[in-house]
Amino acid sequence: MKVFPVILIALAVVGSLAWWWSLAGRPKVRRELWPAFCFRPVPWGAFDVLAAFFLVLLMASLPWDQWLFTANSLGNDDRLDASAVSPSAVPGQKEDALRPDAVAFEDRSLPGDDEFQSAVPQDAASRGAQPSDSEVRDTKSQDAQFSASESDRKRSHGLWILLQDRPTFTTFLLCFLVAVVAAPLMEETLFRLLFQGWLATCEWRLRRRLKGWYFSRNRETERLPILRPRWFGIIPVLVVAVCFSLIHVRSTSDVPSAEGILAIMLCQVCGYGVAFPVLVLWLRCVRGVGARAWGLTRATVWPDVLLGLRWFATLALPIYGLQAGLSAITPESVVVDPLTLFPFGLVAGGLCLRSGRVLPAIIFHMALNGTSLALAVVLLLSGASL
């Protein structure tokens, strides 16, 4: 089974190389990757951007997992039951308020523990004999594998940890909703459409003022390099790409458990599901933002989808290669996700800036996250490690 992921990865590499070969021999396709410049100033301001970020953070921080889901709604796992955890882990609940069966659960042995313990061979110390060389080598190899798996787990994404600990269809469906649907829609709307659109509009207004002031005093000299059209939008794209990368920074010293990751993802998908329609209605009713800004018009929807998929086919192999290379050379305490997401943010920001629509960036983001999730599932089913 471990050969199957290798075959899939090899086919993906061959497909990417074939796409690059077609780009090298077809100048028309290369020109289509960079859409024509059609930027328009946005009607929202700094208040709208700050309010949107505050709304999303507020909705995602609410305890949706406690409001909407019962103890055994996901996989019928007893670990979600509040009565099965320690008294200090249940907010507002005293120790004497626990049910008797919950207290007895901690001292209760799992079914089949006696048979398992009787089937485990005694170690060398209990037999009164010195361990052999082969046993010492096996012990050292097991310790090395355990330490390697622990270090990989600390650097792994929360989705991979959750899929490892809860390999159920419900877990996969939740990961799909968060990574492939909710996160691309909300993140591209916040960062590319709202934040970058506002920064680009501020730059556009500043350039108009500087241009009028400069030409009124230096009519016969060359134009300032910063005022040339080719430099427009570089600063907003860079700033938003850096901010987008920084939100993916995570710690390797305090890795949450599967239960914590599950609660975070439930709050995230529910919070995004509430905040996104509110943002769409606000932009439509208050700021007059129609379907064109989203790229949902009849003339642009399919070209934008194709544009996002083409950019994914172009950059998927470099992004995953950069991820693997940086993971191999950086220390175990460094998470390389922000470094690999920075070039993605640059391309997604450039697409949104030039096209004036956010749909190509959303499709690119969905394809990247969907491929990562599919790769994680294939590796999990084959018994390999990420």
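Which residues are buried in α1? Pro-5, Ser-16, Trp-19, Ser-22 and Leu-23 are, where buried means under 20% relative accessible area, exposed over 50%, and partly exposed in between, with a 1.4 Å probe and protein chains only.

Colleagues, a word on the basis of this talk. The model is predicted, so local features need pLDDT of at least 70 and side-chain atom pairs count only at pLDDT 80 or more, while totals for chains, interfaces and linings use all residues. Residues are numbered from 1 along each chain as its sequence is written, and side-chain values use heavy atoms, with hydrogens and water left out.

I begin with the helices, which are DSSP runs of H or I with at least four residues, numbered from the N terminus. Helix α1 covers residues 3-25. Its 23 residues reach 33 Å from first C-alpha to last, close to the expected 33 Å; the expected span is 1.5 Å times one less than the number of residues. The cover over the buried residues of α1 includes α2 (27-33), α14 and α16 (359-382).

Helix α14, residues 301-329, spans 41 Å, close to the 42 Å expected. At Leu-315 α14 bends by about 45°, and Pro-318 follows within four residues; the bend is the angle between axes fitted to the seven residues ending there and the seven starting there. Among the buried residues of α14 are Trp-311, Phe-312 and Leu-315. Helix α16 has 24 residues and reaches 34 Å, close to the 34 Å expected. Just after α16, Gly-383 takes a positive phi of about 85°.

I turn now to the aromatic rings. Rings of Phe, Tyr and Trp (its six-membered ring) pair if their centres lie within 6.5 Å; planes under 30 degrees apart count as stacked, over 60 as edge-to-face and the rest as tilted. The count comes to ten aromatic pairs. One of them joins Phe-53 and Phe-191 edge-to-face, at 5.4 Å centre to centre and 85° between the planes. Because Phe-53 lies in helix α3 (residues 46-61) and Phe-191 in helix α10 (residues 169-217), this pair ties together parts that are 138 residues apart in sequence. Phe-53 is partly exposed at 24%, whereas Phe-191 is buried at 6%.

Ring pairs link Phe-53, Phe-191, Phe-195, Phe-244, Phe-344 and Phe-364 into a cluster.

Finally, the cysteines. The structure holds zero disulfides, a disulfide being a pair of cysteine sulfur atoms within 2.5 Å. For Cys-270, the nearest cysteine sulfur, that of Cys-267, is 7.2 Å away.

Definitions and conventions. Helices (H or I, at least four residues) and strands (E, at least two) are DSSP runs, numbered from the N terminus. Contact means heavy atoms within 4.5 Å.
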